[in-house]
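Here's a quick tour for anyone opening this structure for the first time. Have a look around, then read on.

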Amino acid sequence: MTQPTPRTDPAEPAEETVPDPSTTRPVLQARGLVKRYGGVTALAGADLELYPGEILAVIGDNGAGKSSLIKVLSGAIVPDEGEILVDGAPVRLPTPIAAREAGIETVHQSLAVAPSLDIATNLFLGRELRRPGVLGSVLRMLDRARMRAEAARHLDDLGIMTIQNPNQAVETLSGGQRQAVAVARAAAFGNRVVIMDEPTAALGVRESRAVLDLILRVRDKGLPVILISHNMPHVFEIADRVHVQRLGRRIAVLDPSGCAMSDAVAVMTGALDPAELPEGALAGRAAR
Amino acid sequence: MTTSNTPRVTTTTPEPPPLGPEADVRPQSLTDRVQHLLHAQATLGPAAVLLLTVLAFALISPNFLQPANLSLILQQTAVIGTLALGQTLIILTAGIDLSVGSIMVLCSIIMGRLSADLGVPAPVALLVGLASGMACGLFNGFLVTRVKLPPFIVTLGSLNIFFALNLWISRSETIRGADMGDLLLWTGRVVTIGGTRVTYGSILMLVIVAVLAYALHRTQWGRHVYATGDDREAARLAGIRVNRVLLSVYAVAGLVYAVGAWMLIGRIASASPQAGVMDNLDSITAVVLGGTSLFGGRGMIIGTVMGALIVGVCRNGLSLAGVDVLWQNFAVGVLVILAVSLDQWIRKVRR
């Protein structure tokens, strides 16, 4: 299997799209990331590879460096050492805006939406569209009609049909719907990578289900996803590969179809050495 | 590693419920509906209160609805209303400005002194006054965004600083309007529109209303002001330069206060270092009565106009009815507490 083709029909059941690391170039790669806070080392030479069209889950105990890793990749913090490559080219991500410009969109756990503003405004927050001509350039008038139409189209693209009115204030939405708005924003503007930090942490069972399907649809549109989650069933259900972070570095990449959930937890907590895992549990071992 | 044939859990689970507004099916009581309506239409409450107070005073005193009295209310409201417009911008960002009155008085004294005592041409005196207002706003904004102090503390300090500067520049003396250039008194001049005498100051206030309403609701800057006040961290993560937005808000507010200073000179035909001492709190009162939330991110310019009119109508109506001034303050105080309680209640709306 080579480059996976992005699926266009979201109704089609998602099948395995695990890329073969030996033949594909990572979309996003981190090498030897180090981040120290005083005497505390949050990242101790962490690596990460994200391949086209995959969902890479990042799991790890508290303090394993998950959130530092994600913050580095989303431009929220600058690493002391190490490099980040986008499509094989080294990049610097000193600010969240720089990461966005590199095509990396992040759905923060806090969602980063303004509750009293409407859905369309939130989708375009920070990159509003202006009216053409003098109205836009001199009077700085917003093109509300176009933003509304495009917002509706983006929501439609991801199958979030039930949010019918993009003029609705975000605070009138349920937790899952707000998550959907934040995901839609990332999917609409991210052209390389979408990072999602604990997207189901605050949600009930039904809403989690819908958000997981939404993540699969983002992947099926061709955008690779990095998913940070504490919820092992969710990780094992939708991830193509599972990156295990421990003590500031990556200690294993697991294949969720060949690895038991209990083994993953054991590796994550240090109870099990990755070398002792059964055949097929590690992602990429078969390719070697 | 090749494609696995293990069926995905995803493919076997039935279609999940759509992300729909399921909570809406629960029956709503009348109070729920009122709460939702007020939440969706923020200016409805102030409009209703304004209408009720006007009706009440019209019934109590027959002179209340006379064009001359209405024109007087407009004049009395223009200065406070203008200060409240600047205050609205700051409260929308979840801040508060206690230095409004001081900035206005300082600017009016600067304009008056330049024109009356130093012989500077009136247009130049006006421009310097407007620039001073903006500088005062920038000073507050700098302390809020760079030194990262709470707006309450910053403006509590600058309230005293600006007021002291005002006493120093004025030498604690009132400057007579007759000594100033005509332009500075223009805001107090009267034009007759449809039998009602309106000051240019009142018209100027309406112009500011229109400009600010446009900027807040139709431009990127306005959306960023709301987003910053709503959730500052969210706005930052969404790529908004939050500090730049805040600084611009304080600068614009300072400029608006300076226009208020110009109106004040026209209204009292002089520049007095003691004028506008009560205006700090009255401007906050007008903003709050207008339905703008002290917690930021919610409110409208037009609501503030109504809030200022409510204060104006109450004070005017009560004095027409021969009620002691102390009860005017009492009534305004009660209104403020009611308005904030209402805001708290409306904010509880969830789905």
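## Chain B at a glance

A residue is called buried here if 20 or more other C-beta atoms lie within 10 Å of its own. Keep in mind that this is a predicted model.

As for its make-up, chain B has 15 helices and 4 strands. Its C-alpha atoms fill a box of roughly 95 × 55 × 35 Å along the principal axes. Take the contacts in chain B between residues at least 6 apart in sequence: 77% of them join residues at least 24 apart.

## A look at M306(B)

You'll find M306(B) in helix α14 of chain B, which covers residues 301–320. M306(B) counts as buried because 24 other C-beta atoms lie within 10 Å.

Which residues does M306(B) touch, if we skip its neighbours within four places in sequence? They are T43(B), P46(B), A47(B), L50(B) and G290(B). P46(B) sits 260 residues away along the chain, yet its C-alpha atom is 6.3 Å from that of M306(B).

## The largest nonpolar core

The largest nonpolar core has 172 residues, and the ones touching the most other members are V194(A), I215(A), L254(A), M111(B) and Y257(B). Helix α12 of chain B (residues 242–268) gives the most to this core, with 18 residues. From chain A, the core draws at least three residues from each of domain 1 (28–112 + 174–276) and domain 2 (117–168).

Let's zoom in on L254(A). Neighbours within four places in sequence aside, L254(A) is in contact with V242(A), V244(A), C259(A), A264(A), A281(A), L282(A) and A283(A).

## The sheet in chain A

Chain A holds an open sheet of 6 strands, in the order β6-β7-β8-β3-β9-β10 and with mixed pairing. β6 (104–107) and β10 (249–254) of chain A stand at the edges; each has a single partner strand, so one side of each has no neighbour in the sheet. From one strand to the next, the twist averages 20°.

Strands of a sheet pair through backbone hydrogen bonds, either parallel or antiparallel. β6(A) pairs with β7(A) (residues 193–197) in the parallel sense, over 4 bridges. Within that pairing, T106(A) has I195(A) in β7(A) as its bridge partner.

## Helices across the sheet

Helix α6 of chain A (residues 175–189) lies across β6 and β7 of chain A and runs at about 180° to β6(A). Helix α9 of chain A (residues 261–269) lies across β3 (55–60), β9 (241–246) and β10 of chain A, at about 30° to β9(A).

How values were computed:
Residues numbered from 1 in each chain as written. Chains lettered and ligands numbered in written order. Predicted model: local features only at pLDDT ≥ 70, side-chain atom pairs only at ≥ 80, totals over all residues. Helix = DSSP H or I, 4+ residues; strand = E, 2+ residues; numbered from the N terminus. Contact = placed C-beta atoms within 7 Å. Buried ≥ 20, exposed ≤ 12 C-beta atoms within 10 Å, placed from the backbone. Core = buried A, V, L, I, M, F, W, Y, C linked by C-beta atoms within 7 Å. Domains from an automatic or database assignment. Pairing = 2+ DSSP bridges. Axes fitted to C-alpha atoms, helices over the stretch in contact; angles between N-to-C directions.
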